[in-house]
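Please look at the model below with its sequence at hand; the report that follows takes up helix packing, a sheet and the nonpolar cores.

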Amino acid sequence: MTRSSRRPLPPDPGSATLRRLGSFAIRWRRAVLLVAGVLIALFAVVGFGVMRHLSQGGFDAPGSESTRAATVLAEEFHSGAPNLVLLVTATRGTLDSPAVARAGSGLTRLLASQPHVANVESYWSLEHASELRSGSREAIVVARILGDQNQVIAREPAVVAPIDRVGGPISVEVGGFAPTFVEVDKQVEHGLLSADLIALPVTFVLLLFVYGSVVSAALPLAVGAVSVLGTLFVLRLIAGLTSVSIFSEDLTTALGLGLAIDYSLFIVSRFREELAAGQDPDEAVLRTVATAGKTVVGSSMTVAGALAVLLVFPMVFLRSFAFAGIPVALFSGVAAVVLLPAVLSLLGRRVNALTLWRRSVVQSGEGFWSRLSGVVMGHPIVFLVGTLAILGLLASPFLGLRLGYLDYRVLPPGNHVRAVDARLTHDFGQGTAEGLTVVAPRVPGAEHSAPRDRLIDAYAARLSRVGDVEMVAAETGVFVHGSQLPAPASYADQFANPRGTWLSVVPSIDALQPAGEVLVHQVRDVPAPFGVLVGGMPAENVDATRVILSRLPIALGLIAAISFGVLLLMFGSLLIALKAVVLNVLSLAATFGAMVWVFQEGHLSSLLGFTATGNVLATIPLLMFCVAFGLSMDYEVFLISRIKEQHDLGADNARAVARGLQRTGRIVTAAALTMTVVFLAVTTSGIAFIKLFGLGLTLAVLLDAFVVRGMLVPAFMRLAGRANWWAPALARRAAARRAPRSGPEPVGAPRARPLTEWPDQRRRPGTTTAATPG
């Protein structure tokens, strides 16, 4: 069959549901806007107070040995690792001077008298314990603020307030994990405000540059506001049922603005293109929803699916990002294909109102992106191999990834609580706040009986002989390298109850570094004469990392399957779907390698304002992968849709790729730049791993939008040729049922040809072809 005898595309072979949705938005546009206004007001009233109901922490693995140890320690012994440390400095005399000793003892009693405070110990209350002093002028008071993470943060200011007024011969500074998390809370809230103040005006200027019209530029920001407010509303409801991490609000703002702006760019640009082609406003809305709307629906489902994978993990921190990511993706998609079409139908050609300068609406013909694709497709092997080599070089540091746990160094370098914690670490060692707890819920023998004491003594002595253990404190004494020292009288009550006991293992190393993992395993391997649970922050780190790694294959498999399935259903091509998954993994590997080089190894730390810890928070790479993998589908779906559209209109493989790149060039570039602005704004946060999250997603977006789109896609598709569009019959039929007519054909465009059947299938009489969404 010759090209001239090919039949044109049938009118609207698919997307009947989306056309009906567009028709509904047109017919009931005022009602849609009224209902939306009421819902937005509700979202704002309920959602704006969500931060008060979100929780800190959530990095531990529920049900793990360390979590069970913490639960038993809190419930049966009313104790736990200290979370408040007071650094006391003698301003006149030494620690043992009478005036200083009286002031230190008074400070200890003052802290112990505060509500919700327990296990208060100091250099002066423990008979001049050497581990609680440094030199002749510095000592510490340790205590535990009772309650869960949220209660501790809420109670900390009231506990600390009287301490701030202490003076005389001593000065007192506050540190420990409770004040650290209070500071993290403040930094998150301040970072959100700063990010919004930066992202919104810069994004508006970029949109104004893309459209030239104030009205067109304002629409994506309005949709972004709807998405963010809707998600905050959902988070508030979920927080009433289960714990939700405070860090999920960062994702809500960044991803809500980014996705909504992307989707709105696709919709508004296609609508303006339809108007420029001569369609009346209502028909332009219908065609836009049936084409670009298809892309938006596919992308939002992919992003939501990728983030839903985080529910595989039990950690509250990761699950909270699923709680935020799923609604933010769905709200962005629904607002773009329901609310925005209603607004466009009402505006009509006034969508171009308040034009500051004229910009061409349709990106056709020759341009930068078509010329670039021509160069790449002229030497596809060179560009494919060269680009993959560069990505491989960027990815290489990822091989040295070390997963770790958060500590005070997540705070910005100038923070006062961080400065105190740094002095505590330097002057008193890591053990005070980062030790291990060994909990024995049931010990044979009566409390304080000789047989029971002998069992505890023997076990504590064995623990104290483990390398990198400085000392072990138990109800029967203090053990150092196998030798027993007398214990303060308070230890008997602090470490025991009638049925069980617990021991404090103080390390001589930074137990949150890789050596701490070895120490945890060594302590757990020590034979115990009774059942024990090993907990503490180092053990929590080990257990959380183990859970993440054990469930990682399931998560990665689900993400790949979701993305592959969506692309296969949309385009009916096995190779296109497989190519998208593989190239996205490669670009994300390069992103992770760069993040290891920057944040783990410390390059650019002075410029970015953080301190390298020698590891990466265990949950962040997984979180970044899920978010970035979902986002990469945005540009993949949009670009392949336009390439497929040109192919189905009769263009050969090379021309289809060139035209698809050119037609999507400005919009994808604008979408990537606006997303970059949003994520770069997140890096203004004072929290180190939030900086990593923002910068990592920025790099992932830029690599996907420019390197993958500009180099790898055209090179790969040129080499694949006709194989790009081959698919089994079942996938072809599914794609044909779902694929809408892509809009008005360009003047002089060739007529459509059938969906490619490869390697040597022939078109059967009576078959038709479907173009795909744009």
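## A helix pair

Helix 19 passes helix 23 in a right-handed crossing. In this predicted model, helix 19 covers residues 574-600 and helix 23 covers residues 688-720, and the two pack at an angle of about 140° with their axes 8 Å apart. Angles over 145 degrees would count as roughly antiparallel, and the two helices are therefore described as oblique to each other.

An open sheet is built from six strands in the order 10-9-8-11-7-12, and their pairing is antiparallel. At its edges lie strand 10 (483-485) and strand 12 (533-535), each of which pairs on one side only. On average, neighbouring strands of this sheet are turned by 20° against each other, with direction ignored.

Strand 9, made of residues 477-480, pairs with strand 10 in the antiparallel sense over three bridges, and Phe479 stands opposite Gln484 in strand 10. Helix 3 (residues 65-76) lies across strand 7 (436-440), strand 11 (501-507) and strand 12, and runs at about 95° to strand 12.

## Nonpolar cores

The largest nonpolar core has 167 residues, and those with the most contacts inside it are Phe247 and Phe689. Leaving aside residues up to four places away in sequence, Phe247 touches Gln56, Phe59, Val184, Val188, Phe317, Phe321, Phe689 and Ile690. A second, separate core of 47 residues includes Leu86, Val439, Ala473 and Leu533.

Notes
Residues are numbered from 1 along each chain as its sequence is written. This is a predicted model: local features need pLDDT of at least 70, side-chain atom pairs count only at pLDDT 80 or more; totals for chains, interfaces and linings use all residues. Side-chain values use heavy atoms; hydrogens and water are left out. Two strands pair if DSSP finds at least two bridges between them. Helices (H or I, at least four residues) and strands (E, at least two) are DSSP runs, numbered from the N terminus. Axes are lines fitted to C-alpha atoms, for helices over the stretch in contact, and angles run from 0 to 180 degrees between N-to-C directions. Contact means heavy atoms within 4.5 Å. A nonpolar core is a set of buried Ala, Val, Leu, Ile, Met, Phe, Trp, Tyr and Cys residues joined through side-chain atoms within 4.5 Å. Buried means under 20% relative accessible area, exposed over 50%, partly exposed in between (1.4 Å probe, protein chains only). Angles under 35 degrees count as roughly parallel, over 145 as roughly antiparallel, 65 to 115 as roughly perpendicular and the rest as oblique. A crossing is left-handed if the near helix is turned anticlockwise from the far one by less than a right angle, and right-handed if clockwise.
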